[in-house]
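Subject: A structure for you to explore

Hi there,

Here is the structure I promised to pass on to you. Please open it beside this email and look things up as you read.

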Amino acid sequence: MGLQSLYDKLAESNYKLTPQRRAILQVLEDNQGEHLSAEQIFFMVRSRLPNIGIATVYRTLELFAGLGLLRKTSFDEGKFRYEFDDVDRHRHHHLVCLQCGKIVEIEEDLLQQLEREVEKKGFQVIDHSLVIYGRCPSCK
């Protein structure tokens with residue numbers, strides 16, 4: 001999903017594309033695949049907009065997540081990480097190194113078979129997430 005389509009989705013939802021929102025989206029675009037925390041996004045945006053406050057970043061990230069522009073994920077470290085949410089793409093999974101904190105995406109959807117089995121039992125699956133914790137090759 002390109003930045004223009006994100007801008008269009010904001011407009012369709014009756015939200016203005018403020019300089020702060022544009023800067024936050026640009027930081028996320030420039031760092032795709034990085035799973036940034038709100039604090040990391042704040043420091044990157046502040047280099048572009050020195051007067052932005054952390055509360056603005058938090059509110060904006062919550063707005064974007066609520067609109068389905070961002071996926072908000074917790075890796076059991078006491079904070080959320082954000083990435084673009086492409087609803088047309090299957091959900092991916094994550095490997096998290098417990099030593100260095102590196103997060104690696106697994107593009108294969110490993111839970112499709114499990115979802116089919118669960119749905120056979122009458123349970124409607126809305127979403128799923130898989131996070132595997134361990135040590136990356138560099139930290140082993």
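Let me start with a definition: two strands pair if DSSP finds at least two bridges between them. Helices (H or I, at least four residues) and strands (E, at least two) are themselves DSSP runs, numbered from the N terminus. This is a predicted model, in which local features need pLDDT of at least 70 and side-chain atom pairs count only at pLDDT 80 or more, while totals for chains, interfaces and linings use all residues. Residues are numbered from 1 along each chain as its sequence is written, and side-chain values use heavy atoms, with hydrogens and water left out.

The overall picture

The protein chain contains five helices and six strands, and along the sequence they follow the pattern α-α-β-α-α-β-β-β-β-α-β. The C-alpha trace spans about 50 × 40 × 25 Å along its principal axes. Of the 140 residues in the chain, 34% are buried; buried means under 20% relative accessible area, exposed means over 50%, and partly exposed is in between (1.4 Å probe, protein chains only).

A contact here means heavy atoms within 4.5 Å. Among contacts with a separation of 6 or more, 44% come from residues 24 or more positions apart.

There are 19 positive and 21 negative side chains, and the centres of the two sets lie 5 Å apart. For this count, Lys and Arg are positive and Asp and Glu negative, with His and the chain ends not counted. The place of each charge is taken as NZ of Lys, CZ of Arg, CG of Asp or CD of Glu.

The three-stranded sheet

Which order do the strands take in the open sheet of three? The order is E1-E3-E2, with antiparallel pairing. Strands E1 (36-37) and E2 (70-74) are the edge strands, each pairing on one side only. E2 and strand E3 (residues 80-84) run antiparallel and are joined by five bridges.

Helix H2 (residues 19-30) touches E1, E2 and E3, and its direction makes about 85 degrees with that of E3. Helix H4 (residues 54-66) touches E2 and E3, and its direction makes about 110 degrees with that of E2. For these angles, axes are lines fitted to C-alpha atoms, for helices over the stretch in contact, and the angles run from 0 to 180 degrees between N-to-C directions.

A look at strand E1

Leucine 36 is found in strand E1. Is leucine 36 buried or exposed? Leucine 36 is buried, with a relative accessible area of 4%. Leaving aside neighbours within four places in sequence, leucine 36 is in contact with Val27, Leu28, Asn31, Ile41, Met44, Phe80, Arg81 and Tyr82. Leucine 36 and phenylalanine 80 are 44 residues apart along the chain, yet 8.3 Å separates their C-alpha atoms.

Serine 37 also lies in E1. Serine 37 is buried, at 1% relative accessible area, and touches Lys79, Phe80 and Arg81, not counting residues up to four places away in sequence.

Two loop residues to look up

Most residues other than glycine have a negative phi. Asparagine 14, in the loop between helix H1 (3-12) and H2, is not a glycine but has a positive phi of about 65 degrees. Histidine 35, in the loop between H2 and E1, also has a positive phi, near 50 degrees. How do they sit in the model? Asparagine 14 counts as exposed at 71% relative accessibility, whereas histidine 35 counts as buried at 3%.

Strand E4 and its partners

Four of the five residues of strand E4 (residues 93-97) are buried, so this strand is largely enclosed by the rest of the structure. E4 pairs with strand E5 (residues 103-106) in the antiparallel sense over four bridges. These two strands form a hairpin with five residues between them, and glycine 101 in the turn has a positive phi of about 85 degrees.

E4 is also joined by four bridges to strand E6 (residues 131-134), and these two run parallel.

Happy exploring!
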